[in-house]
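Here are my notes on this model, point by point. Please read them with the structure open.

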Amino acid sequence: MFRFAHPELLWLLLAVPFLAFLIGARGRRSALGFSSGSLVQGLASPSRFGIGALALLFRSLALAVAICTLAQPQRGSTIIENKSEGIDIVLTIDLSLSMWTHDMELDGAPSDRTAVVRRVVKDFIERRPNDRIGIVAFSGDAYVVSPLTLNHEWLIDKNVARLQNGLVPEMGTNIGKALAVSVNRLNSQASKEAKGRVIVLLTDGDSNIKDKFTPKGAAEAAKTLDIKIHAIGLGEEGMVKFPRFDVPFGGSRRNSDFTPQRDRLGNILFSLQPSYINMAALDEIANITGGRSYRAKDTATLASIYDEIDRLEKTKVNTIEKTQYRDIFPYFLYAILGLLAAEWLIVRVIFARLPS
């Protein structure tokens with residue numbers, strides 16, 4: 001972009017042709033006097049454009065450029081600033097033993113629920129570059145996998161990849177504790193300044209751990225703090241394909257103790273086990289906080305649910321366009337010097353004239 005800081009001075013350009021006319025009309029005094037011009041008429045053939053006129057042209061152009069220089073020419077560059085009012089989001093993800101269930105597909109092949117969640121969560125994070133996002137994983141207990149962060153590359157590469165079956169050692173499903181830990185992360189002083197605070201809870205079962213933090217109590221605490229909870233129930237109900245494990249259930253087993261049995265070709269061996277999702281409890285949790293509850297039986301539905309949550313929880317981004325100008329008058333000074341030098345070279349050197 002180009003502009004003059006003082007464009008009103010450009011009106012002086014109107015005086016340039018007038019001055020040129022006055023100087024050209026007056027001309028220079030002749031070195032010799034004649035009583036009549038007819039005495040020398042015809043001594044030389046007429047010239048369409050005399051050297052004097054050429055010199056006047058260069059000087060007039062130099063004067064015009066000087067006036068433009070006084071008007072302070074400037075070149076501008078546009079800078080676009082995006083000022084966002086981001087949302088703080090905690091992704092609260094169930095990693096209980098039931099997430100081993102193979103009732104979903106990933107890239108056309110049968111897959112366990114956790115692998116599908118990793119893929120969908122990764123896509124969700126990538127679509128929200130202006131939001132701070134954290135991850136809480138839970139089973140019989142709940143742990144912070146990642147604090148709230150804007151470093152989404154680190155969040156995906158170092159933390160989403162950690163969402164593996166067996167990551168949380170305690171067996172069971174403790175939704176109340178998971179929500180309490182998530183609410184605590186969003187109740188920090190830094191998070192209170194966010195435009196919005198949201199928990200996206202994903203589970204494939206029912207809370208079966210007795211804890212001082214109940215799912216309903218945690219939801220009510222979230223409501224008090226103006227934190228919204230969206231709840232997702234994942235997987236099929238009824239009899240589902242569940243891996244056979246090398247160790248039996250019961251006793252003091254931990255999630256990390258279980259490894260699926262495989263055949264000679266490395267394929268997981270399955271048996272049919274019952275699956276139950278308490279959607280009524282998830283509906284209640286979401287309704288208390290003004291959020292929504294969802295049911296996802298397959299990969300496509302789960303992806304569409306996160307898409308809808310992405311649309312619901314919009315981040316406000318203000319685009320500010322600024323133009324910064326810098327003076328470029330040195331280039332005009334170079335032009336003036338060039339014109340005067342050209343005038344001197346043509347008149348004084350190339351077409352040198354006798355002194356008057």
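1. Is Arg-113 buried or exposed? The model is predicted, and in it Arg-113 is buried, at a relative accessible area of 0%. The cut-off for buried is under 20%, so Arg-113 at 0% qualifies.

2. Arg-113 belongs to helix 3. Leaving aside residues up to four places away in sequence, its contacts include Ser-98, Met-99, Thr-101, Asp-103 and Met-104. Asp-204, Leu-234, Gly-235 and Glu-236 are also among them, as are Val-240 and Ser-275.

3. Now the partner of helix 3. Helix 4 covers residues 152–159, and its axis comes within 10 Å of the axis of helix 3. The two axes cross at roughly 170°. Helix 3 is therefore roughly antiparallel to helix 4.

4. Which residues make this contact between helix 3 and helix 4? From helix 3 come Lys-122, Ile-125 and Glu-126. They meet His-152, Leu-155 and Ile-156 of helix 4.

5. Helix 4 has His-152, Leu-155, Ile-156 and Asn-159 as its buried residues. Viewed down the helix axis, they fall within an arc of 115°, so they line one face of helix 4. In general, an α-helix has 3.6 residues a turn, so residues three or four places apart point the same way. Glu-153 and Lys-158 are exposed, on the face turned away from the buried side of helix 4.

6. The packing of helix 4 goes beyond helix 3. Its buried residues pack against helix 3, and also against strand 6 (132–138) and strand 7 (142–149).

7. Helix 9 spans residues 299–312, 14 residues in total. From first C-alpha to last it reaches 20 Å, close to the 20 Å expected at 1.5 Å a residue.

8. Which residues of helix 9 are buried? They are Thr-299, Leu-302, Ile-305, Tyr-306, Ile-309 and Asp-310. Down the axis of helix 9 these fall within an arc of 140°, so they line one face of the helix. Ala-300 and Arg-311 are exposed on the other side of helix 9.

9. Several elements cover the buried residues of helix 9. Among them are helix 3 (113–126), strand 3 (87–94) and strand 4 (104–106). Strand 8 (196–203), strand 9 (228–234) and strand 12 (293–296) are included too.

Key:
Residues are numbered from 1 along each chain as its sequence is written. This is a predicted model: local features need pLDDT of at least 70, side-chain atom pairs count only at pLDDT 80 or more; totals for chains, interfaces and linings use all residues. Side-chain values use heavy atoms; hydrogens and water are left out. Helices (H or I, at least four residues) and strands (E, at least two) are DSSP runs, numbered from the N terminus. The expected span of a helix is 1.5 Å times one less than its number of residues. Buried means under 20% relative accessible area, exposed over 50%, partly exposed in between (1.4 Å probe, protein chains only). The arc is that of the directions from the helix axis to the C-beta atoms. Contact means heavy atoms within 4.5 Å. Axes are lines fitted to C-alpha atoms, for helices over the stretch in contact, and angles run from 0 to 180 degrees between N-to-C directions. Angles under 35 degrees count as roughly parallel, over 145 as roughly antiparallel, 65 to 115 as roughly perpendicular and the rest as oblique.
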